Amino acid sequence: MSLRTVLPHRLPRMGFYHRLIDGFLRTGVGGWTALHVMNPLDQRLMRWSNGALSSAVGTDFQGNAVLLRCTGAKSGKPRDVPLLAQPLDDGWVLIASATGRERNPGWYYNIKAHPHCALLVPGRGAIPCIAREAEGAERDRAWQAANTQYSGYTVYQQKTQRRIPVMILVPENPA
């Protein structure tokens with residue numbers, strides 16, 4: 001099945017640079033680069049710029065690149081993790097893909113253990129949130145919404161035996 005079959009409404013809007021980055025990130029080398037090069041860079045850039053700058057500049061991902069601020073599940077120390085967040089209803093969807101690796105990412109365990117967290121959102125600053133794992137129809141809807149943003153999640157699901165968790169973050173104090 002081609003990506004055009006899965007996401008026909010999404011692909012035509014992508015510019016050349018976005019398509020290039022999107023395709024690269026779906027590869028093994030691209031996933032490694034995202035986790036080991038881009039994430040540490042984004043962590044610093046996003047902190048320094050209050051969320052305005054990230055490696056997503058120039059792509060359709062730019063507006064949805066966020067910094068998850070959470071507490072370590074074991075250490076209790078503050079953790080900042082750059083992620084893509086898909087806005088949905090009054091909150092955001094985070095996909096715990098770990099680029100298709102067999103283990104869930106550390107941030108997933110952090111927000112499961114400590115659901116009170118924050119998202120540093122471009123143009124909005126840090127927003128205190130409460131996290132929960134989506135299940136059933138809510139998970140299906142959130143998974144679909146996230147896949148309209150980034151087609152790699154489907155590719156990552158095909159690489160792993162685990163069911164990739166879908167997390168919903170809602171503001172603690174909705175406006």
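Ala-98 is buried, with a relative accessible area of 13%; buried means under 20% relative accessible area, exposed over 50%, and partly exposed in between, with a 1.4 Å probe and protein chains only. This is a predicted model, in which local features need pLDDT of at least 70 and side-chain atom pairs count only at pLDDT 80 or more, while totals for chains, interfaces and linings use all residues. Residues are numbered from 1 along each chain as its sequence is written, and side-chain values use heavy atoms, with hydrogens and water left out.

**Overall composition**

- The protein contains six helices and seven strands; helices (H or I, at least four residues) and strands (E, at least two) are DSSP runs, numbered from the N terminus.
- Read from the N terminus, the elements follow the order α-α-α-β-β-β-β-α-β-β-α-α-β.
- Of the 175 residues, 47% count as buried.
- The protein exposes about 9,100 Å², and carbon and sulfur atoms supply 57% of this area, as computed by the Shrake-Rupley method with a 1.4 Å probe.
- Among contacts (heavy atoms within 4.5 Å) between residues at least 6 apart in sequence, 64% join residues at least 24 apart.

**The sheet**

- Strands of a sheet pair through backbone hydrogen bonds, either parallel or antiparallel.
- Here, seven strands form an open sheet in the order E2-E1-E5-E6-E7-E4-E3, with antiparallel pairing; two strands pair if DSSP finds at least two bridges between them.
- E2 and strand E3 (86-88) stand at the edges, each with a single partner strand, so one side of each has no neighbour in the sheet.
- Neighbouring strands of the sheet are turned by 35° against each other on average, direction ignored.
- Strand E1 (residues 65-71) pairs with E2 in the antiparallel sense over seven bridges.
- Val-66 has Leu-83 in E2 standing opposite.

- Helix H6 (residues 152-159) has Gly-152, Tyr-153 and Tyr-156 as buried residues.
- These residues cover an arc of only 100° around the axis, which puts them on the same side of H6; the arc is that of the directions from the helix axis to the C-beta atoms.
- The buried residues of H6 pack against helix H2 (16-25), strand E2 (78-84), strand E4 (91-95) and helix H5 (136-149).
- Two packed helices are described by the angle between their axes and the distance between the axes.
- For H5 and H6, the angle is about 115° and the axes are 7 Å apart; axes are lines fitted to C-alpha atoms, for helices over the stretch in contact, and angles run from 0 to 180 degrees between N-to-C directions.
- H5 contributes Arg-139, Trp-143, Ala-146, Asn-147 and Gln-149 to this contact, and H6 contributes Tyr-153, Thr-154 and Gln-157.
- By class, the contact of H5 with H6 has three nonpolar, four polar and one charged residues; Ala, Val, Leu, Ile, Met, Phe, Trp, Tyr, Cys and Pro count as nonpolar, Asp, Glu, Lys and Arg as charged, and the others, Gly among them, as polar.

**Residues in loops**

- Ala-98 is placed in the loop between E4 and H4, and its phi is near 50°, a positive value in a residue other than glycine.
- Glu-102 lies in the loop between E4 and helix H4 (106-113) and counts as partly exposed, at 47% relative accessibility.
- Not counting residues up to four places away in sequence, Glu-102 touches Lys-159, Thr-160, Gln-161 and Arg-162.
- The C-alpha atoms of Glu-102 and Gln-161 are separated by 6.8 Å, although the two residues are 59 residues apart along the chain.
- Asn-50, in the loop between helix H3 (28-49) and E1, has a positive phi, near 55°, in a residue other than glycine.
- The relative accessible area of Asn-50 is 46%, and this residue is partly exposed.
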